[in-house]
Amino acid sequence: MDIDERFELIKRNTAEIVTEKELIELLKKKKNPVMYIGTAITGKPHVAYFLWILKLADFLKAGFKVKVLLADIHGVLDNTPWAVVDRRYDYYAKILPLMIAAVGGNLKNLEFVKGSEFELKPEYMYDVLQISSLASVHDLKKAASDVVKFGDNPKLSGLIYPIMQAVDEQYLGVDVQYGGVDQRKIFMFAREYLPKIGYNPRVEVMTPMIPGLIGKKMSASEEKSKIDLILHAFINFISFGLTDAIDILLVGIILYLFYNLVKGTSAINIFIGLALIYLAYIVIRAFDLKLLSSILGKFVNVGVIAIMI
């Protein structure tokens, strides 16, 4: 595989590469560059993880050595309780290799790294403190804004998060960092501040985000935004209870009796049309399309009156 083919393999399905020129130069200089992606240990992994797992396969095919940072310390900085972070790390360490194997990923040139194994060392923390003395609170909050959940009463830990992610690039010994476009501000922060403490900026590769069931993106730390890998978690999102079952059963009985009443009359065509409109109405309301749901709601009301007549 020549350099152009390797470049196109890495570039496919990406949203942005900073910079493409630097990536091409890297491929010319190194046969087996090193890249990493970090995943903060927060909630359970979900189906959107397969997007970046598939991209890791591209890096592997292009000759890269791939590192996956299981960022337990970052998880704590983003509000994962200290008491549970180790158990969540164990879950990530077991499930992610299975996900990679499921898409045919080659585990030979892939390494999993636990964040706390190197991020608590004195030389690492010294560099974190160096950047903290250079970066403003404004710059740190801006860098973390699309990743860290600050809430109404932000914690100091959220401002440390982007500094550590920048320093990770140096201590993992990588040439490229890869992530979703939500990481862009942190990536640009790293490119700006690493040279200020004597390190080279890295190439940053980004892919689009998978939209969440609610919110802008599917997030491991937002239960209602994601489709979990475990079925029962998705069922919990639906929140289907006994009263819902009774409600559906009663509506079904009423519709059956009503269908028998209008069967063989001209009202049956109106009934079928109304049922289809109402089904569309439910779907549109679920997506919160207010104008369209209001218009279809009027059709539903008119249809009920038409059947009664």
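# Close-up views of a predicted model

**View 1. The whole chain at a glance.** The accessible surface of the chain comes to about 17,300 Å², and carbon and sulfur atoms account for 62% of that area. Please keep in mind that this is a predicted model. The chain holds 14 helices and six strands. It has 309 residues, of which 43% count as buried. Take the contacts between residues at least 6 apart in sequence: 73% of them join residues at least 24 apart.

View 2. As background, strands of a sheet pair through backbone hydrogen bonds, and the pairing can be parallel or antiparallel.

**View 3. Strand 3 and its two partners.** Let us move to strand 3, which spans residues 65–71. Six of its seven residues are buried, so strand 3 is largely enclosed by the rest of the structure. Strand 2 and strand 3 run parallel and are joined by seven bridges. In this pairing, Ala 40 can be found opposite Ala 71 of strand 3. Strand 3 also pairs with strand 4, again in the parallel sense, over five bridges. There, Lys 67 stands opposite Glu 111 of strand 4.

**View 4. Helix 1 packed against helix 3.** Two packed helices are described by the angle between their axes and the distance between the axes. For helix 1 (residues 3–11) and helix 3 (residues 49–61), the angle is about 170 degrees and the axes are 9 Å apart. Because of that angle, helix 1 is roughly antiparallel to helix 3. Helix 1 brings Leu 9, Ile 10 and Lys 11 to the contact, while helix 3 brings Lys 55, Asp 58, Phe 59 and Lys 61. Sorted by class, the contact has three nonpolar and four charged residues, with no polar ones.

**View 5. Met 35 and the residues around it.** Zoom in on strand 2 to find Met 35. Is Met 35 buried or exposed? With a relative accessible area of 0%, Met 35 is buried. Leaving aside residues up to four places away in sequence, Met 35 touches Leu 56, Phe 59, Phe 64, Lys 65, Val 66, Lys 67, Val 174, Val 176 and Tyr 178. One of these, Phe 59, is 24 residues from Met 35 in sequence, and their C-alpha atoms are 8.1 Å apart in space.

**View 6. Leu 107 in a loop.** The last stop is the loop between helix 5 (82–102) and strand 4, where Leu 107 lies. Leu 107 has 39% relative accessibility and therefore counts as partly exposed. Along the chain, Leu 107 and Leu 60 are 47 residues apart, and their C-alpha atoms are separated by 9.0 Å.

Methods
Residues are numbered from 1 along each chain as its sequence is written. This is a predicted model: local features need pLDDT of at least 70, side-chain atom pairs count only at pLDDT 80 or more; totals for chains, interfaces and linings use all residues. Side-chain values use heavy atoms; hydrogens and water are left out. Axes are lines fitted to C-alpha atoms, for helices over the stretch in contact, and angles run from 0 to 180 degrees between N-to-C directions. Helices (H or I, at least four residues) and strands (E, at least two) are DSSP runs, numbered from the N terminus. Angles under 35 degrees count as roughly parallel, over 145 as roughly antiparallel, 65 to 115 as roughly perpendicular and the rest as oblique. Contact means heavy atoms within 4.5 Å. Ala, Val, Leu, Ile, Met, Phe, Trp, Tyr, Cys and Pro count as nonpolar, Asp, Glu, Lys and Arg as charged, and the others, Gly among them, as polar. Two strands pair if DSSP finds at least two bridges between them. Buried means under 20% relative accessible area, exposed over 50%, partly exposed in between (1.4 Å probe, protein chains only). Accessible areas come from the Shrake-Rupley method with a 1.4 Å probe; for residues, only the protein chains shown count as cover.
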